Amino acid sequence: MTIARPLPTSSVRTAGAARIGIGGPVGSGKTALIERLIPVFQRRGVDLAIVTNDLVTHEDAERIRRSGLIDPARVSAVEAGACPHTVIREDPSLNIAAADELELRFPGVELIIVESGGDNLASTFSLDLVDWWIFVIDVAGGDDIPRKRGPGVLRSDLLVINKTDLAPHVGVDLARMEAEATRHRGGRPILLTNCRAVTGVEAVAEAIAHSVLFR
């Protein structure tokens, strides 16, 4: 299902399922992280739904629907039609509408994940849309990403450094990358993952469960 209409501002949610955002640059592993989180939350008994954002396609939504990991009806697609961060920050009404409709169709849903379309290090989520958000960067992007101190790196509730297995192949000092991120994030948490090998994914799920599901 694609949401193609804005939501009146008076309809912005004040209660309901917990909503988290997952943002980050193109190719950092946002969709892969969601695919690994789905079975973890299913084992934990969490009732889950997903909203994906793409510029002018439904590519990420269709990928998750085809995965067989979740009922396809629980995956909604939003076309940003502009700079991806516009619909998660400046005017998140399309995403709010998509999440609201999922809550109406699945009254027991506890957690809605909103995946941003791939963007740059300046991407952030409006707190009108989500309660808590994750920013994903990957080792292949270079170990200087934390030093660039983009808002996504600095302000996200959780920073995920993905594709740790690639570090020796792309000449990245992973320990230095983690140390730089730690220095710039002012105590906010950082987790390292290798989604292909499902390494670190349980820790991400635990952080979500603790922070927004209060489990």
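Colleague: Is cysteine 195 buried or exposed?
Modeller: Buried means under 20% relative accessible area, exposed over 50%, and partly exposed in between, with a 1.4 Å probe and protein chains only. Cysteine 195 counts as buried because its relative accessibility is 4%. Cysteine 83 sits at 33%, so it counts as partly exposed. Keep in mind that this is a predicted model: local features need pLDDT of at least 70 and side-chain atom pairs count only at pLDDT 80 or more, while totals for chains, interfaces and linings use all residues. Residues are numbered from 1 along each chain as its sequence is written, and side-chain values use heavy atoms, with hydrogens and water left out.

Colleague: How many disulfides does a search of the whole structure find?
Modeller: A disulfide is a covalent bond between the sulfur atoms of two cysteines. The test here is a pair of cysteine sulfur atoms within 2.5 Å, and the search finds 0.

Colleague: On to charges, then. How many salt bridges does the structure hold?
Modeller: A salt bridge needs a side-chain nitrogen of Lys or Arg within 4 Å of a carboxyl oxygen of Asp or Glu. The structure holds 13. Among them is arginine 19 with aspartate 100, where the closest N and O atoms are 2.6 Å apart. That pair links distant parts of the chain, 81 residues apart: arginine 19 is in strand β1 (residues 18-23) and aspartate 100 in helix α3 (residues 93-105). Both arginine 19 and aspartate 100 are buried. For those labels, helices (H or I, at least four residues) and strands (E, at least two) are DSSP runs, numbered from the N terminus.

Colleague: What separates glutamate 62 and arginine 65 in helix α2?
Modeller: About one helical turn, because they are 3 residues apart in helix α2. Glutamate 62 has 29% relative accessibility, so it counts as partly exposed, whereas arginine 65 is buried at 14%.

Colleague: And which parts of the chain do arginine 147 and glutamate 180 link?
Modeller: They form a salt bridge with the closest N and O atoms 3.9 Å apart. This pair also joins distant parts of the chain, with arginine 147 in helix α4 (residues 145-148) and glutamate 180 in helix α7 (residues 174-184), 33 residues apart. Arginine 147 is partly exposed at 37%, and glutamate 180 is buried at 13%. Elsewhere, Arg43, Arg44, Glu202 and Glu206 are linked in a network of salt bridges.

Colleague: Now the pockets. How much space lies in the largest pocket?
Modeller: On a 1 Å grid over the protein atoms alone, where a 1.4 Å probe fits, a pocket is an open set of points with protein on both sides within 12 Å along at least five of seven lines, and lining residues have an atom within 4 Å of a point. The largest pocket holds about 230 Å³. It has 15 lining residues, and the closest to its centre are Val26, Gly27, Lys30, Thr31 and Asp60. Helices α1 (30-43) and α2 (59-66) each supply at least two lining residues, with the largest share, 3 residues, coming from α1.

Colleague: Which residues line the second largest pocket?
Modeller: Gly29, Ala32, Arg36, Asn162, Lys163, Asp165, Leu166, Asn194, Cys195 and Arg196. Its volume is about 160 Å³.

Note on methods. Grid points are joined across faces, edges and corners, and a volume is the space filled by probe spheres set on the points.
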